[in-house]
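Dear colleague,

I am handing over the structure below, and I would be grateful if you could look through it before you read my notes. The notes follow directly after it.

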Protein chains: 2
Amino acid sequence: MIQPWKTIRSTPVGDFRIFKLRRDRRISPRTGHEHDYTIIDCPDWVNVVAITTDRQLVMVEQYRHGSETVQLEIPGGMMDPGETDPIAAGLRELREETGYEGAGARLLGKILPNPAIMGNTCYTVLVENCELKHPTAFDHGEDLATHLVPMAQIPHLLASGKIQHSLVHVALSHYQLLRQGISGEA
Amino acid sequence: MIQPWKTIRSTPVGDFRIFKLRRDRRISPRTGHEHDYTIIDCPDWVNVVAITTDRQLVMVEQYRHGSETVQLEIPGGMMDPGETDPIAAGLRELREETGYEGAGARLLGKILPNPAIMGNTCYTVLVENCELKHPTAFDHGEDLATHLVPMAQIPHLLASGKIQHSLVHVALSHYQLLRQGISGEA
């Protein structure tokens, strides 16, 4: 049975706006030895599977500064400070990034982006019957293009490697599992 | 058409052993304004879908210091400096973490863990006909337990949320897409 580790002390390392770093000193429950771990503190994130009234997936293309490449993704982003409802956050991101609005929003799944080095959760929100309702208004740091892709293309997008962002892959996998009627009860 | 941004300068911020930070100053191709981006530099990672001769998935349970929880995952880890072949890295991680060895290893897919803030790639390696061949030898910082899970359980593991690590979800999704015969050619 794997046991949790005890944290002896936690030291802030730096604040980098979209994440903070801290260093935790912990004791191994197996050996009693102490080790330091550097943890990346991120807010929770949300990704949105937004489906139009004519059954197309609302996708966004944007330049990504980690990979230094243009990526085909779905709307999403960081939950704002004090924003506790992932569904509200997802609807906000959908509207801000694409101008689309929909109905019947619900939580489709959640995942840990990287439990080895991060503690946050990424939620997948499903929004159906989406329609373009608002103009988009990007600030200087944003540069997004909306694309509509037929839902039937999703498995091919995943298998072909056209979807390169792991959390977008997971969100679309959450949708595929729902569609295939696969329950979590084994 | 979304255009790439030009980097004016890149400044190291810190070295935290399993990742480094750097700050890049870039120009927006749309507005001409300059912005700073903090990037997390990680080595490439590899995850292994290892299947035993009796069609069970080799899984590892371990305490994760980002989420501060025990996670059910698959073998994997960082590619070593100078290690350029993800298949060799996957076979090494499989052996080190579980003592299992297999045959017919091949690359099943690859994904960007988080192109917004990281530039690295995570590879999924498939290894079949695995058998327990070696004792495991963990250092003080490691504490892993091997579990064998029937392959038929994979969709339920994904849908139930028992698999919480996004990159493990992606690796098993890569395997499911292969099994379902979904080609990347739309």
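Two residues are taken to be in contact if their C-beta atoms, placed from the backbone, lie within 7 Å. On that basis, 98% of the interface residues of chain A are also interface residues in chain B, so the copies meet through the same surface.

Please keep in mind that this is a predicted model, in which local features need pLDDT of at least 70 and side-chain atom pairs count only at pLDDT 80 or more, while totals for chains, interfaces and linings use all residues. Residues are numbered from 1 along each chain as its sequence is written, and chains are lettered from A, with ligands numbered from 1, in the order in which they are written.

The contact between the chains takes 62 residues from chain A and 61 residues from chain B. Among the elements of chain A that each supply at least two residues to this side are strand 2 (20-27), strand 8 (100-111) and helix 2 (154-160), where helices (H or I, at least four residues) and strands (E, at least two) are DSSP runs numbered from the N terminus. Helix 3 of chain A gives the most, with 6 residues.

That helix also meets its counterpart: the axes of helix 3 (residues 166-179) of chain A and helix 3 (residues 166-179) of chain B come within 9 Å and cross at roughly 60 degrees, the axes being lines fitted to C-alpha atoms over the stretch in contact, with angles from 0 to 180 degrees between N-to-C directions. That makes helix 3 of chain A oblique to helix 3 of chain B (angles under 35 degrees count as roughly parallel, over 145 as roughly antiparallel, 65 to 115 as roughly perpendicular and the rest as oblique). In this crossing, A:Ser166, A:Leu167, A:His169, A:Val170 and A:Ser173 meet B:Ser166, B:Leu167, B:His169, B:Val170 and B:Ser173.

Within chain A, the domain assignment gives domain 1 (6-41) and domain 2 (45-179), with bounds that come from an automatic or database domain assignment. The centres of domain 1 and domain 2 of chain A, taken over C-alpha atoms, are separated by 31 Å, and their contact takes 4 residues from each of the two domains.

With best wishes
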